[in-house]
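Me: Could you take me through one part of this model closely, namely the sheet and what surrounds it? I would be glad of one connected account, with the cut-offs spelled out along the way.

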Amino acid sequence: MTEQQKIILVTGASSGIGAATAQRLAIAGHVVVAGARRPIAAAERLEPAHLDVTDRDSMTRFVTGAAERHGRVDVLVANAGVMPLSRLDALLVDEWDRMIDVNVRGLLHGIAAVLPFFQRQGAGHLITTASVGAHEVVPTSAVYSGTKYAAWAITEGLRQESEPGIRVTTITPGVTESELAGQITDPYARAAMTEYRRDVIAADAVARAVQFAIDQPADVDVNEIIVRPTRQR
Ligand code: NDP
């Protein structure tokens, strides 16, 4: 292992931003453990793992397995997320629960699993994929934005509480090419999103932001990067 090579875990790596991030970081020479529920193809330095972030045991196995194989865990990219948008009065309560389970509980499970390693190592880097929805609410985004505000706050809280040596970054994408909007079941939200998502940036644009944060010297903590299409208002 070279001095610059890191052991990097990426959640939600079976499509979109997570897949682009895992591929980019593996090509850059890091060892990437890529987790999701759907299968992921193995590649050089890219190790697929089955992961359901809503299941705390699954997350613990994901992190401890990587630590056992490689001796340490340098970075967790907590990227897994879902976005079944709808107005509150559509009462799609199961979808609200799913957003809370994946976007909030999933992040907390990740923190619970990696933090003991980061503390033992005296170093580590949590990178959370939030959203521009963590800074603004629009009709149909109330619950999704709520989960992303929470992700932003939890990540900032970790920054404030952490020992020096532990780095914390929130990546805040705007409209990005991925499968995310495909899960919207509410017809009103789906129509609104089709219009909103007309101009997208490639998932690799967000992956480059993740790589930038990781590549900084150990004493430089990039706390938030907002990346969106130039045409997005
Ligand atoms: P995708 O739908 O393409 O990717 C979402 C990823 O999350 C998939 O790999 C999916 O894998 C994974 N995932 C969902 N549920 C679980 C679970 N229970 N356990 C493990 N993995 C899970 O969308 P994006 O790439 O766009 O989403 C990545 C992140 O970026 C999300 O947090 C999203 O909120 C955020 N984001 C995206 C924006 C965009 O415009 N694309 C804008 C702002 C933020 P699988 O189904 O195989 O488990």
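Reply: The sheet is open and has seven strands in the order S3-S2-S1-S4-S5-S6-S7, with parallel pairing. Strands here are DSSP runs of E of at least two residues, helices are runs of H or I of at least four, and both are numbered from the N terminus. Two strands pair if DSSP finds at least two bridges between them. At the edges are strand S3 (46–50) and strand S7 (224–227), each of which pairs on one side only. On average, neighbouring strands of this sheet are turned by 15° against each other, direction ignored. Such angles run from 0 to 180 degrees between N-to-C directions, with axes as lines fitted to C-alpha atoms, for helices over the stretch in contact.

Before going further, please keep in mind that this is a predicted model: local features need pLDDT of at least 70, side-chain atom pairs count only at pLDDT 80 or more, and totals for chains, interfaces and linings use all residues. Residues are numbered from 1 along each chain as its sequence is written.

Let us follow the pairing through S4. S1 and S4 run parallel and are joined by three bridges; here Val-10 has Val-77 of S4 as its bridge partner. Strand S4 (residues 75–78) is in turn joined to strand S5 (residues 124–129) by four bridges, again in parallel. Val-77 has Ile-127 as its bridge partner in S5, and Val-75 has His-125. S4 is covered on both faces: Val-75 and Val-77 on one side, and Leu-76 and Ala-78 on the other, are all buried. Buried means that 20 or more other C-beta atoms lie within 10 Å of the residue's own, exposed means 12 or fewer, and partly exposed is in between, with C-beta atoms placed from the backbone.

One step along, S5 and S6 run parallel and are joined by six bridges, and Ile-127 has Thr-169 as its bridge partner in S6. Eight of the eight residues of S6 are buried, so this strand is largely enclosed by the rest of the structure. On one side these are Ile-166, Val-168, Thr-170 and Thr-172, and on the other Arg-167, Thr-169, Ile-171 and Pro-173.

Leaving aside residues up to four places away in sequence, Val-168 touches Leu-126, Thr-155, Leu-158, Arg-159, Ser-162, Asp-221 and Asn-223. A contact requires the two C-beta atoms, placed from the backbone, to lie within 7 Å. Gly-65, 103 residues away from Val-168 along the chain, has its C-alpha atom 22 Å from that of Val-168.

Now for the helices against the sheet. Helix H2 (residues 56–70) lies across S1, S2 and S3, running at about 160° to S1.

What surrounds the ligand? Its shell holds 29 residues, and the closest are Gly-12, Gly-16, Arg-38, Gly-81 and Ser-178. A residue belongs here if its C-beta atom, placed from the backbone, lies within 6 Å of the molecule. H1 gives the largest share of the shell, three residues. By class there are twelve nonpolar, 13 polar and four charged residues in the shell. Ala, Val, Leu, Ile, Met, Phe, Trp, Tyr, Cys and Pro count as nonpolar, Asp, Glu, Lys and Arg as charged, and the others, Gly among them, as polar.

Two loop residues also deserve a glance. Most residues other than glycine have a negative phi. Arg-45, which is not a glycine, has a positive phi of about 65°. This residue lies in the loop between S2 and S3 and is partly exposed, with 17 other C-beta atoms within 10 Å. Leu-91 also has a positive phi, near 55°. Leu-91 sits in the loop between S4 and helix H3 (93–121) and counts as exposed, with 10 C-beta neighbours inside 10 Å.

Finally, the setting of the sheet in the whole chain. The protein chain has six helices and seven strands, running β-α-β-β-α-β-α-β-α-β-α-α-β from the N terminus on. Of its 233 residues, 45% count as buried. Among contacts with a separation of 6 or more, 68% come from residues 24 or more positions apart. The C-alpha atoms fill a box of roughly 50 × 35 × 35 Å, taken along the principal axes.
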